[in-house]
Every structure is written in C-alpha cells, then in structure tokens.
2 protein chains.
Amino acid sequence: MRAGVVVTGTEVLTARITDRNGPWISERLGELGVEVSHILCVGDRRPDLAAALGFLAAERVGLIVTSGGLGPTADDLTAEVVAGFAGRELVLDERMEERIAEIIAGFARRLRFDADALREANRKQAMVPRGATVIDPAGTAPGLVVPTAGPTVIVLPGPPRELHEMWPQALDTAEARAVLEGIDPYRNATLRLFGIPESELAKTLREIGEQTDLSPLEITTCLRRAELEVEIRYRPGAEETCERLVDGIVARHGRFVFSRDGSSLDEQITELLDGHRIGLGESCTAGLLAARLTEVPGSSSYVAGGVVAYSDRAKRELLDVPSKLIERHGAVSPQVAEAMAEGALARFEADLGIGITGIAGPEGGSEEKPVGYVCICIKSASGTEIARDPVLPGNRGEIRDRSTTLAMHLLRRLLRGEEFPL
Amino acid sequence: MRAGVVVTGTEVLTARITDRNGPWISERLGELGVEVSHILCVGDRRPDLAAALGFLAAERVGLIVTSGGLGPTADDLTAEVVAGFAGRELVLDERMEERIAEIIAGFARRLRFDADALREANRKQAMVPRGATVIDPAGTAPGLVVPTAGPTVIVLPGPPRELHEMWPQALDTAEARAVLEGIDPYRNATLRLFGIPESELAKTLREIGEQTDLSPLEITTCLRRAELEVEIRYRPGAEETCERLVDGIVARHGRFVFSRDGSSLDEQITELLDGHRIGLGESCTAGLLAARLTEVPGSSSYVAGGVVAYSDRAKRELLDVPSKLIERHGAVSPQVAEAMAEGALARFEADLGIGITGIAGPEGGSEEKPVGYVCICIKSASGTEIARDPVLPGNRGEIRDRSTTLAMHLLRRLLRGEEFPL
C-alpha cells in the first residue's frame, strides 16, 4: 500500500511560501511503513486539484492526504473538490458549525469583529462531504476523513501547527485505521554528529559496507544547522545489521557522536542546565542564543537573562568589558569574548556565562579577521572554561545560526566535563 | 500555455530536505507569464517519474521542467526516463563527455579520486536523448532541452546554484524560445495588512466582487506570521480591474494596509530606523526582536543593543525597573513594560526604547493574565509613546513570534506618527 500527498494553495507554487507540510506528512507516513509515491503541489483551482486526486487514484495509492484549502475565503476549495472526487454531497454539519462558533465567539467579542462575516465564514467551514468523519479543529477549520471507491482521503488544514495537532486524531479514525491495518512500521535509528565533515562519514559508510551487507538498511545522511544526521530505516529483521552499522560509526567517530537516541542538542542542553543559572553576552548572534535557550517551556528557571551588546558601549557599560581590551584586541577577539562571558556571569549572578562576538558580514571583515570569524567563550563560576575562535562558513544568517549551534555544543561539553580539540 | 514542474529525489519526500527548486522554477515561469499547474515531487523510482511526466502531458502542459536526478549514481534516472518519455534513444554525446572530463580533471587529481569510477560517472552524465539540446554544466551535470510529441521538457540538475546558473541558458535554446513565444508576462500587485482577520478580508472581496467582475484577476490571500498578504496576478488589460480591487480594499481597511508595493515590514522598519538608535528590553520574546532587527546587514548603525531580562532581578538591575512596580503590578504588566522601555532608552542612550513582557506559556497563566497576555511599550526620547497589552493566540512559539511582529508594527506606527486603536 502506497500513499500520495496533495498540498494546495497558489502560494505554494511560488517561492514566497516554502511548503513543509508535504514532506512532514510524507515522513510521518514513512514512519508508519507507508511509502509515498508523489507529493503534488497544486494552486487554488478546482480542475487542477481534481486532476491531482485523479492521478493518485490512477496510481492506485490506498491513501491520499491533503493539506490546505479549508479556510473561509472563496479560494479555499478542498472540501468541495474532495466531495466531488468521492461522489458525496456537501452538507452542513450542524454540530461542527456550533463548535466553530464557540471557538471564535471569544476572540470575535474581544476584537469586535464583524459578526456577519464570521457567521458566514463559519458556515462554509462546517460544510462536509456526507458520510465523512469530521476531525475537531485545532484552529477553526475541521479536518475530514473521506471514504471513496478508491483511496481514503484525509483532509487537513494548511497551518502547520493545526495540521500537526490534528494528525493523530486523523490516524485514529476507523477509516484510517482500516487502511493502515497490518502494515509493518519501519524501525529506525538516528545518530547525530557534530564536528566532522560529511565526506568523512561517507568514507566510513563505504568501509563498513565492504564488510557488512548494508542493503537491508535505508541510510540517509543529512547536514543540517552544521550537524550531521544519520537516519537508518529498516523493516523488522534487520536489527543486527543496523546495530553493526551504528557500532562501526561510533567506533570511528565516537567523540563527535552527540546523540544516539534521537535526542536533539536542545533537549540535551535543557536537561544539562537543570539546577544551573546562565547569563549571556551576545554580539553577532544578537539574541539568537537567548531566544533558542528559551524556546523550551520552563527555561526561566535556569536562563537568568542576556545582554545583546551590539555596540562597544553596551559591551563596556552592560557587560563591564574594559575599554582597553576592545582597543587593544578589537571588539571581535577571544579576549573580549572572555570578558563578555565574565560580565554575563557577574551581572546575572549566574554560575554559567557565555560571551559571543563575531563578524557576521557581509561587511566588516579583514584579512586577519574575515567574515565568519567568531569568538565564543563559556565560563563557569567554579573556574572551568571552554573557548573557540573559528572562521565559520556561510552567509550572514548562516554564520549567526552556526555560531549559536557551536556555542550550544561547547556548553554541552563544558557541562559534561568533556574537553577535546575542535 | 501552462507548465508543470517535476522535482526528483527520494530525499525531497522527507522533511529532512526542503525542496526549494520547485517553487523557484514555478516563480520564474510565473514571471514569464506561464502558469504552473502542478509541482510534483517524486522519489528516485523509474515508474513514478514516468507517471509524473505522463500526468503533466495528459494535463496538456506545453512545458515540463525537471530538477535533479542527473548525477553519476545509480539512483539518478532523469535523463533515461525523459528519453523514454520522448521516445528518443540515449546516446553518448562525445563533445559533452570531453567537456565533463575537463571539468573534473582538476579536482580528481587534487583529491586523488579513483580514475575508473570517475570515467564511468562521467560517461553516464554525457548520455543524452538523441536530438536533445545539451546545456553546459554549471557543476558536472549537463542540462537538457528535449522536444517530444507533447510538451517540451527542460531537464536541470538538483543543486540550486547549478539550476539557477543554467536556467537562462535553458530558456535561450531554440526549443524553449519556440514554446514561450508570444506569451505575455503577468502583472501583479501585492497588499499586506496587519490587524484584521482573514474573514473580514473575505467579506470585502465578496462585496467588491458583487460590483466589479474580478474574474480577470487571480487573487490569493495568505496569513503568515499574523500578517495577511493579498497577491493579485493578471494579464495585461486587467490593470483597471486590479486598481479597482486595490482601491476597494484600501477604502475599507486603509489603516490596516501597511504595504502596497511588495515591501515587507522588516524592510520598512530598516528604512524608518535610519538615523535612529534603538535599545530593547525583552522578557517573553527573549532576544527574538533583537535577532530579527539585526538580520539586516548594517543594522549595527541603529541597533545599540538589548537586555534579555528573563528574571525579575535582571529587570531591576539591568533595566532599572523599580521593585515596587513589579510587586504592585506583576512582572507582566503595562507598567513594567513601560519601565523596561524607559530603562532600555536610558541604558543604551537610545532615542527609541522598547519593552516587552508577557506570558508565553504553556504554564504561568492566570484568569486575569492568561497565557498569551503580552504587554508592549515603545517610547521615544522625545516623549511619544505607543503601548498595547493584547492576549495573543497560539502556542509558546507563536506567541513569542507574534509578540515580535506586533512590536515591529507598533514601532512602525510610532516612527510614522500614526496612532489608532488596535
């Protein structure tokens, strides 16, 4: 049994919006053991959407998942076109109409929106193909699971948060369960590495492949945010092959492997920071590290705060970096990064302080200190320290992002008491 | 004449790689006046790729553009499948074989690659459908323009840089020119609104549509980062209809329309901040506003810095928020936001100060101050001020992002001397 994905919206046919729903759905289906044959992106045009559904049916997929086109405006056509595809009439679901009315009643009152416009929008969103199972909205648009003579169609809204929230409910409907019954989910293993290039890993994979037949495994390597992710997927029975591969990688690149259980760097940092109190001094990353550390609920228990010291003056006055240090070594220097870390420690009465200063570009580089040159220093109140000053590749945004990631990895090492070059 | 796009590669069917080629090609074609009916993402499987080409031919597109699948490995199938689709034999292009050999000779020597493996890879990449026009590689893979009984097929490699470099050459071939001849490029207009819900706009579009035939326009509305974008595309001749629509929207929602020329909020803020000096005090957004303002090269000329005051202590000691204010009104209150703005003004010797404090959740809300309650205050050194304390919808990440966007919009209003409710 294979599946197809249809992403709707004229905006996904342009570079203004990057669709992430198609790949997200495809990956979730893959985890369930369902291969996706095609992802189709289609504009808000009835015949094109109908053609996409027809194509997938002709390809004999057992399941189609659509995202988008469930909003209140006239270009939101998905429910209507899927109803036509299924040969089912669109009818008003009164329970759903009330449910949507409840959801929007609150903010309609508060924001004094036009009640008529809302009622009408509301009714359109409650029109569902007769016989479809309706999935409770995570926003205001309900989802649908629609049986047809061919593939079962799961219809979900476009906003990613709503789609993600409604996905488990969609899978839990009787129709979806029937389609997915008896399919063996893939097993998978994930390794994450930081600090070695992709070509090293490719060489390792070749070498291991010479001794072990890796063909039962589907191995994908992916470089993301300066981290190397190795994803291994297999059907039940290939556990031992997978183990041999993982052991081989760890034997060769052990200290660069920071995750073997699928945990992300951010999750690990959250755990490691428990009981600590951290203060930040950021220049080139300008708040990115603070923002990233505080993505996690409850992070206020260990993030005391930070100073975005974009000017020399801010470095001096809010982080107590001595003027002389800036004059002698420049604002981007290991010395100033260290002083910023010390200033953050003191100012926030923290037990961990981080200083980051660098040249994000595109201007401001020199031969000695090119664009991408970044100085990072992490200090603990107890006197341990870890510091680096690499030249990072990429454009302004990438340099800022990689600086943040590198600082997180160095923080992880300091907290784990590991220290080694690079 | 319409076109279709086919993006190949099993990796584009997962969330680990985000395809940007499909939307990029689609947007370029749109600028030329060619509507794209579908973008299909397909794995490295012969029958699926062939089915995708067949579907687009059946949809009667005049042009198909493919990206990817031109590399040296066994899963690179595009040239072969397109040759089959066109009913043309694959033949070795000797001139191209030499050209590729030249390109790779340099790095092969430098990196001491296996010469046999390279020769073979090299030959595979020089196999082209008989009668196709070959496009010089920007990397090592040549592109193809292949005439068929149906649509003309432009075949380009997957790496974005190579694709972008080879695109003009592909369009300049006799086959592509013949297909594109006589097509009028689209015109377009973009409106961006902030502060009204999509349903209000839907009502407006319906009302205008009752008086003016809007069918010559392709109108898409899209909600992104709490902003509403209206994109209007039309063929030459529909200028007046477009103008009537734009005027109608502006007449009804004038003060919510912040962009009529395609400029983004961030671009406008960058221009408005020229000659100013801004300091930030952030609590719930924790550096996101500082990071966003400094995404722009050169922003160091007007961003002095910020304090991420995640703890009460940081609010007191680094932004001079009086303890009494926090005790009396709570850390999340309009009074504290104002004091944070004042503290940022003073600490950074700025002429603009922003204070943001709120409850991003999921914990920490109360009946009086629920999750999503955010207090924003912007002050200028000359004494003007703009402040809001709405309850924003969404999860933790969305509340933080929307707080940032709202602060940017309020800053825009203050800098433009506009003040009105909401």
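B:Ala286 is buried, because 29 other C-beta atoms lie within 10 Å of its own. A residue counts as buried if 20 or more other C-beta atoms lie within 10 Å, as exposed if 12 or fewer do, and as partly exposed in between, with C-beta atoms placed from the backbone. The structure is a predicted model, in which local features need pLDDT of at least 70 and side-chain atom pairs count only at pLDDT 80 or more, while totals for chains, interfaces and linings use all residues. Residues are numbered from 1 along each chain as its sequence is written, and chains are lettered from A and ligands numbered from 1 in the order in which they are written.

B:Ala286 has a positive phi of about 45°, although it is not a glycine. The residue is found in the loop between E13 and helix H11 (288-293) of chain B. Helices (H or I, at least four residues) and strands (E, at least two) are DSSP runs, numbered from the N terminus. B:Arg225 also has a positive phi, near 50°, and is a residue other than glycine. Its loop runs between strand E10 (217-224) and strand E11 (227-234) of chain B. B:Arg225 is partly exposed, because 13 other C-beta atoms lie within 10 Å.

Strand E13 (residues 278-282) of chain B is mostly covered, with 5 of its 5 residues buried. Both of its faces are covered. B:Ile278, B:Leu280 and B:Glu282 lie on one side, and B:Gly279 and B:Gly281 lie on the other. E13(B) pairs with E14(B) in the parallel sense over 5 bridges. Two strands pair if DSSP finds at least two bridges between them. In this pairing, B:Glu282 stands opposite B:Val308 in E14(B).

E14 also links the chains. Strand E14 (residues 303-309) of chain A pairs with strand E14 (residues 303-309) of chain B in the antiparallel sense, over 5 bridges. Here A:Ala309 stands opposite B:Gly305. Strand E2 (residues 35-42) of chain A and strand E2 (residues 35-42) of chain B are likewise antiparallel, over 5 bridges. A:Leu40 stands opposite B:Leu40 in E2(B). The contact between the chains takes 66 residues from chain B and 70 residues from chain A. On the side of chain B that touches chain A, 33 residues are nonpolar, 18 polar and 15 charged. Residues are in contact if their C-beta atoms, placed from the backbone, lie within 7 Å. Ala, Val, Leu, Ile, Met, Phe, Trp, Tyr, Cys and Pro count as nonpolar, Asp, Glu, Lys and Arg as charged, and the others, Gly among them, as polar.

An open sheet of 12 strands, with mixed pairing, has the order E6(A)-E7(A)-E8(A)-E3(A)-E1(A)-E2(A)-E2(B)-E1(B)-E3(B)-E8(B)-E7(B)-E6(B). The edge strands are strand E6 (133-135) of chain A and strand E6 (133-135) of chain B, each pairing on one side only. Neighbouring strands of this sheet are turned by 15° against each other on average, direction ignored. Axes are lines fitted to C-alpha atoms, for helices over the stretch in contact, and angles run from 0 to 180 degrees between N-to-C directions. Helix H6 (residues 160-171) of chain B lies across strands E3, E6, E7 and E8 of chain B, at about 150° to E8(B).

Helix H10 (residues 265-272) and helix H15 (residues 396-416) of chain B pack at about 40°, with their axes 10 Å apart. H10(B) is therefore oblique to H15(B). Angles under 35 degrees count as roughly parallel, over 145 as roughly antiparallel, 65 to 115 as roughly perpendicular and the rest as oblique. The crossing of H10(B) and H15(B) is left-handed. A crossing is left-handed if the near helix is turned anticlockwise from the far one by less than a right angle, and right-handed if clockwise. H10(B) contributes B:Leu265, B:Gln268, B:Ile269 and B:Leu272 to the contact, and H15(B) contributes B:Met408, B:His409, B:Leu411, B:Arg412 and B:Leu415. These residues divide into 6 nonpolar, 2 polar and 1 charged.

In chain A, a cis peptide bond runs from A:Gly361 to A:Pro362, with omega near 0°. A:Pro362 lies in the loop between strand E15 (352-358) and strand E16 (374-380) of chain A. In chain B, B:Gly361 and B:Pro362 are joined by a cis peptide bond, with omega about 0°.

Methods
Two residues are in contact if their C-beta atoms, placed from the backbone, lie within 7 Å.
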